[in-house]
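This briefing accompanies the sequence and coordinates shown below. Please read the points that follow with the model open.

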Amino acid sequence: MSRLVCGTCGLRLPAGSSLLQCSCGGLLEARPSPPFRGRRLRSTFDQRLATGDPTGEGSGVWRFRELLLPGRGVLISHPEGNTRLYRRDELSRWAGVADLALKHEGENPTGSFKDRGMTVAVTQAVRAGATALSCASTGNTSASLAAYAAQAGVPALVFVPRAKVAAGKLAQALCYGARVLEVRGDFDACLRLVREASAELGLTLLNSVNPWRIEGQKTIVLEMLQQRGWEPPDWIVVPAGNLGNTAAFGKALVEARELGLISRLPRLAAIQAAGAAPFYHSFRSAFKRRFRVRAETVATAIRIGDPVSYDRAARAIQQTRGVVAAVSDREILAAKAVVDGAGIGCEPASAASLAGLRQLVRRGIVGRRDSVVAVLTGHLLKDPHATRAAPTAIAPRIAEVERVLKGMRK
Ligand SMILES: *Cc1c(COP(=O)(O)O)cnc(C)c1O
Ligand SMILES: [Zn+2]
């Protein structure tokens, strides 16, 4: 049975515990103990992929269930995962590495990787008898929670920063039937409020302080490794905001090596927006200092000044000999234009990974011959206002179409 351990003081709790935080204030972590390891574990996962896995509902998350959540019971799954790896020459050329694949987590059911953590955490919450679910969100967490809460038939209360959530995400949360509270404050204020309110009012908190969110998000890395025949790339590049993914990726990699799924660790590169880069500043101080900033960036999904998974993300970077970089909004939008122009598309925060990769190659940190997987975290439609181009208005006449066409052929 996998159990929960406090990452700060080491206290142990049973996995079925409804506690999400230790009495010392530390965050809890799951310690999975699968019934077998190595080749046998790998072939269990590979067989489910090949034959469809009816008990895991064909989900790219539950395929790895021995490493996620112990016990049996209801499964709240859409299903999710099974996202593609894209290779495009123009993206490789732009970033400066020959061997580049983009894993598009925007292909999850609600359009972001948050679904992978949410299916596990909502399943655990329902099994533990939760009566109401809550989260703070820059948008995607609320969209995802709203969908899984609707499927589970449990009410959801989401806290978002007023006027700072992209239109697509807000529409999702409302349509799926969550009660949306617009807080006059930033994301960090929303998170403080929801943590207090949830503890006081008996709501089950579904932010990435919830250890089961992290367990589900490990499957981004596990699925990518499986897609590569369990041959790890040299680098994995990921946008970094609240640092749940950075922490989950490090945990997945360390566990995968301990269990004999892979024999060497890829290096992690976490990419922040320059206007929301407390983790980058900490990295530059060799993690001697923890920074908190007032965050501002076009990439609203990573507009976070006081990341909650700071400690475990720092550990992930250290364990994988990883790096943290910061990219300007201009670099982010340039990268987004390249991803969009390749016919793939993503939301602004997602493009931070490609922008960061290009910068790391130019600085000589990532080698031009290294193999790289960069994660695109969210779908293009999430943020319909982050477009550079505008439509061309015309009168309904052929001559006008002809005029436009001539302009295009130049
Ligand atoms: C949540 C989110 C992020 C940030 O991930 P963290 O785990 O908070 O670092 C990045 N991009 C998108 C699209 C997101 O929804
Ligand atoms: Zn503790």
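Predicted model: local features only at pLDDT ≥ 70, side-chain atom pairs only at ≥ 80, totals over all residues.

Is Cys 135 buried or exposed? Cys 135 counts as buried because its relative accessibility is 0%, below the cut-off of 20% for that class.

**Cys 135 and strand β6**

- Cys 135 is part of strand β6, which spans residues 133-136.
- Both faces of β6 are covered: Leu 133 and Cys 135 are buried on one side, and Ser 134 and Ala 136 are buried on the other.
- Apart from neighbours within four places in sequence, Cys 135 is in contact with Thr 141, Ser 142, Leu 145, Leu 157, Val 158, Phe 159, Val 194, Leu 205, Leu 206 and Asn 207.
- Between Cys 135 and Ala 389 there are 34 Å from C-alpha to C-alpha, with a separation of 254 residues in sequence.

**The four-stranded parallel sheet**

- Strand β6 belongs to an open sheet of four strands in the order β8-β7-β6-β9, with parallel pairing.
- The edges of this sheet are β8 (179-183) and β9; each has a single partner strand, so one side of each is left without a neighbour in the sheet.
- Helix α6 (residues 187-201) packs on the sheet and touches β6, β7, β8 and β9. The direction of α6 makes about 155° with that of β6.
- Four bridges join β6 to strand β7 (residues 156-161) in the parallel sense. Within this pairing, Leu 133 has Ala 156 as its bridge partner in β7, and Cys 135 has Val 158.
- On pairing with strand β9 (residues 204-205), β6 again runs in the parallel sense, over two bridges; here Ser 134 stands opposite Leu 205.
- A right-handed β-α-β unit is formed by β6, helix α4 (residues 140-152) and β7.

- For reference, the ideal angle for four tetrahedral donors is 109.5 degrees.
- Cys 22 counts as buried because its relative accessibility is 6%, whereas Cys 24, at 42%, counts as partly exposed.

**The three-stranded antiparallel sheet**

- A second open sheet has three strands in the order β2-β1-β3, with antiparallel pairing.
- Strands β2 (12-13) and β3 (28-31) stand at its edges; each has a single partner strand, so one side of each is left without a neighbour in the sheet.
- Helix α7 (residues 211-227) packs on this sheet, where it touches β1 and β3. The direction of α7 makes about 45° with that of β3.
- Strand β1 (residues 3-6) pairs with β2 in the antiparallel sense over two bridges, and Val 5 stands opposite Arg 12 in β2.

**Helix α10**

- In helix α10 (residues 310-319), the buried residues are Tyr 310, Arg 312, Ala 313, Ala 314, Ala 316 and Ile 317.
- The elements that cover these buried residues include β3, α7, α8 (244-258), β11 (267-273), α9 (278-284) and β12 (323-327).
- Just after α10, Arg 321 adopts a positive phi of about 50°.

**Further backbone features**

- The peptide bond from His 78 to Pro 79 is cis, with omega near 5°. Pro 79 lies in the loop between α1 (38-51) and β4 (85-86).
- Asp 53 also lies in the loop between α1 and β4. Although not a glycine, Asp 53 has a positive phi, near 50°, and Asp 53 is buried, with a relative accessible area of 5%.
- Ala 286 occurs in the loop between α9 and α10. Its phi is positive, about 55°, although Ala 286 is not a glycine.
- With a relative accessible area of 46%, Ala 286 is partly exposed.

Notes. Residues numbered from 1 in each chain as written. Chains lettered and ligands numbered in written order. Heavy atoms only, no water. Buried < 20%, exposed > 50% of the residue type's maximum accessible area, 1.4 Å probe, protein only. Pairing = 2+ DSSP bridges. Contact = heavy atoms within 4.5 Å. Axes fitted to C-alpha atoms, helices over the stretch in contact; angles between N-to-C directions. Right-handed = clockwise from strand over helix to strand, strands pointing away.
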